[in-house]
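Subject: Structure handover

Hello,

Here is the structure to be passed on to you. My notes on it follow below.

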Amino acid sequence: MDPLRRSPSPCSSSRPSSPSTPACEMFGPIGIEAVLGQLKIKAMKMGFEFNIMVVGQSGLGKSTMVNTLFKSKVWKSNPPGLGLPTPQTLQLHSVTHVIEEKGVKLKLTVTDTPGFGDQINNDNWDPILGYINEQYERYLQEEILITRRHHIPDTRVHCCVYFVPPTGHCLRPLDIEFLQRLCRTVNVVPVIARADSLTMEEREAFRHRIQKNLRTHCIDVYPQKCFDEDINDKILNSKLRDRIPFAVVGADREHLVNGRCVLGRKTKWGIIEVENMAHCEFPLLRDLLIRSHLQDLKDITHNVHYENYRVIRLNESHLLPRGPGWVNLDPASPGQLTSRRPFKVCRGAHDVSEDEF
Amino acid sequence: MSFQGWHHQNEELRNLSLSGHVGFDSLPDQLVNKSTSQGFCFNILCVGETGIGKSTLMDTLFNTKFESDPATHNEPGVRLKARSYELQESNVRLKLTIVDTVGFGDQINKDDSYKPIVEYIDAQFEAYLQEELKIKRSLFNYHDTRIHACLYFIAPTGHSLKSLDLVTMKKLDSKVNIIPIIAKADTIAKNELHKFKSKIMSELVSNGVQIYQFPTDEETVAEINATMSVHLPFAVVGSTEEVKIGNKMAKARQYPWGVVQVENENHCDFVKLREMLIRVNMEDLREQTHTRHYELYRRCKLEEMGFKDTDPDSKPFSLQETYEAKRNEFLGELQKKEEEMRQMFVMRVKEKEAELKEAEKELHEKFDLLKRTHQEEKKKVEDKKKELEEEVNNFQKKKAAAQLLQSQAQQSGAQQTKKDKDKKNASFT
């Protein structure tokens, strides 16, 4: 048979761009490009979903940060935790809004975690991991239905912003423990909260120490190195990785500075402008989360974290009782982690790594 | 099962007003960039008789020369031939697969003509389903081979649809998006064409054939889709030859009585087909295939396997059952195979044993025979020996007797001679 022709094979295994399909010379425009416009129309009609979780001790400015990010009062009049006594147990609060900008509709869900790290005994992070896994479970249950919905509602957490208190020293054991567990289930973006209490030099030193801590404990934060698709991604993401964790300041009040109205915090010694790169790195965080990497966050959640969950769930399904169970993902010790590559699905033309999990 | 302290205010989905530019209006661009880097798949199935112009039309549509040899009319049955090509326009990469029905309509008995086509379409759905059901899967990386559009080529008889066409389209309409087209439309006169089109459409309706409906719910495309739908089925002419029209070259077919221009909307509906198929509805065709035809196939297949969704109370993990069932099935098969092999082994051993026994018996018999023969021979030899001995005895006796006689004779002779001698001597004395 002519090597250019392939007879149909009923159960062909997944074959990414096979080398035998010839590229064709075209003598004029066909109009394939129009499919991009069609995609856009479809996307705009369906709208987008984005689910973000903020984790950190109370008083680190999580709610304010969310308000600043989305330039609106995401939390209703009383943000949980503010003005109320510290919750006795770790709780999760979610709120969903629909925001629109230039015709693009975004269904935004923000989950807060008041009470995290506030108790005396703080090793109970199950509610957070449980919530994340519960969202995966929901999606899985919808996906395996016989009669499926046209569009499965996506409540999975796409990004978890972890607020590190500005101690200036290094990551605390609580931070390390939790980050280790979290990074294997969801995209984590750590930030240095309330960075206005650190000077520039202190900031840089703190940042480097945190980066070192992350490396030592094999905590793979977003953007993960292993998912860089091509050289452009690598360059862009390397720059980001250098600056993570971002030192951020949140503010939802506007002040007059040099005749301009800016978002900032007013103190006796000056006004900290949130969107001024010289003052804090909030713009970097906003750009990462919203303007450039939002779709990427969703894709990695869907293609990697959700698939990982699914594999574990399906492998263990015959052991678990009927109904959604909660899967406990304990971090391995650092030594063990270094010897295992993260369970990933490579996006290139090479095969899924059939590694152990 | 809710977690302690988790509480969701999801019921109040309110619109929030933004006090500034957040920046997520770049989302559609982010999405498009991602899709562009991954590339697109588009698969077209061309169903039509041999020689009706399927390959030429594909060449014309995609403005290129796909490698192909024309098929013969001697095919014993219908078979499907799929060819894949990579096309690129600016930064959009399209992986195009064109599936041809070779030998369609050539057989004398066309009862089963539609079967290979349906089987092929189902096979592509099955492959996707298998990938989706895998535990470790890579769906985003998957080369989608499901048919997104089926161009059904109707022969330009001018009368009505052939019964083969009706039967085939009826079998395909729930599995694929059918776009009927009239091929070689330059053989029909304009007034006949109009009547032909109406006849075809009314026949399709009266036979309940569901062809692809161009979507009219999206305002940007509703108008153009509505106007184009009126012209179904599209009467097309394909050509890769170029003819000089005025001062430029255009794709056309040259006849002694005139030139049929492919891209002239007064001459044929080629431009309409290209608009509808590629420029306006390619994404919708893909989506319909995935959300309607594939889901239908999946539902039927899973129900066939015996699974259903029950109400939220009992919440069965039907996928778990699938895996359990598959695992059990697999184990069962394994066991069965083992049994079979064991049986066969036992049987073989028995056979061999029997053979050996036979051989042994034969050998015994031979041995007995030989023994007997040997005995007989021995007896014979003994007899002979006896005989010989007897003879020898007799001979000895005779010899003895003879010797005796001889000796007696000698003696008497000697005596006689002596007597004679004596006599002689006596005489002398």
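Predicted model: local features only at pLDDT ≥ 70, side-chain atom pairs only at ≥ 80, totals over all residues.

S1(A) covers residues 48-55, and because eight of its eight residues are buried, the strand is largely enclosed by the rest of the structure.

S1(A) pairs with two strands that I can list here. With S3(A), residues 104-112, the pairing is parallel and runs over seven bridges. With S4(A), residues 159-164, it is also parallel, over four bridges. In the latter pair, Met53(A) stands opposite Cys160(A).

Helix H1

Gly47(A), which comes just after H1(A), has a positive phi of about 85°. H1(A) itself spans residues 34-46; its 13 residues reach 19 Å from first C-alpha to last, close to the 18 Å expected at 1.5 Å a residue. Its buried residues are Val35(A), Leu36(A), Gln38(A), Leu39(A) and Ala43(A). Seen down the helix axis, these fall within an arc of 160°, so they line one face of H1(A).

What does that buried face pack against? In chain A the partner is S1. In chain B the partners are helix H1 (27-38), strand S3 (40-47), strand S5 (92-102), helix H7 (270-280) and helix H8 (282-304).

H5(A), residues 200-216, has 17 residues and reaches 24 Å between its first and last C-alpha, close to the 24 Å expected at 1.5 Å a residue. The buried residues of H5(A) fall within an arc of 160° when seen down the axis, so they too line one face of their helix. They are Arg203(A), Phe206(A), Arg207(A), Ile210(A), Gln211(A), Asn213(A) and Leu214(A). On the face turned away from that buried side are the exposed residues Glu201(A), Lys212(A), Arg215(A) and Thr216(A).

The buried residues of H5(A) pack against these elements of chain A: S4, helix H4 (173-183), strand S5 (188-192), helix H6 (231-243) and strand S6 (246-247). After H5(A) comes Cys218(A), with a positive phi near 55°.

Nonpolar cores

The largest nonpolar core has 90 residues, and Phe62(B) and Leu277(B) have the most contacts inside it. Helix H3 of chain B (residues 114-133) gives the most to this core, with 10 residues. A second, separate core holds 88 residues, including Ala43(A), Phe48(A), Phe50(A) and Val189(A).

Chain A overall

Chain A has nine helices and nine strands. Of its 357 residues, 55% count as buried. Among contacts in chain A between residues at least 6 apart in sequence, 69% join residues at least 24 apart. The chain exposes about 16,000 Å², of which carbon and sulfur atoms supply 54%.

Regards

Technical notes: Residues numbered from 1 in each chain as written. Chains lettered and ligands numbered in written order. Heavy atoms only, no water. Buried < 20%, exposed > 50% of the residue type's maximum accessible area, 1.4 Å probe, protein only. Contact = heavy atoms within 4.5 Å. Areas by Shrake-Rupley, 256 points an atom, 1.4 Å probe, with all protein chains shown as cover. Pairing = 2+ DSSP bridges. Expected span 1.5 Å × (residues − 1). Arc of directions from axis to C-beta. Core = buried A, V, L, I, M, F, W, Y, C linked by side-chain atoms within 4.5 Å.
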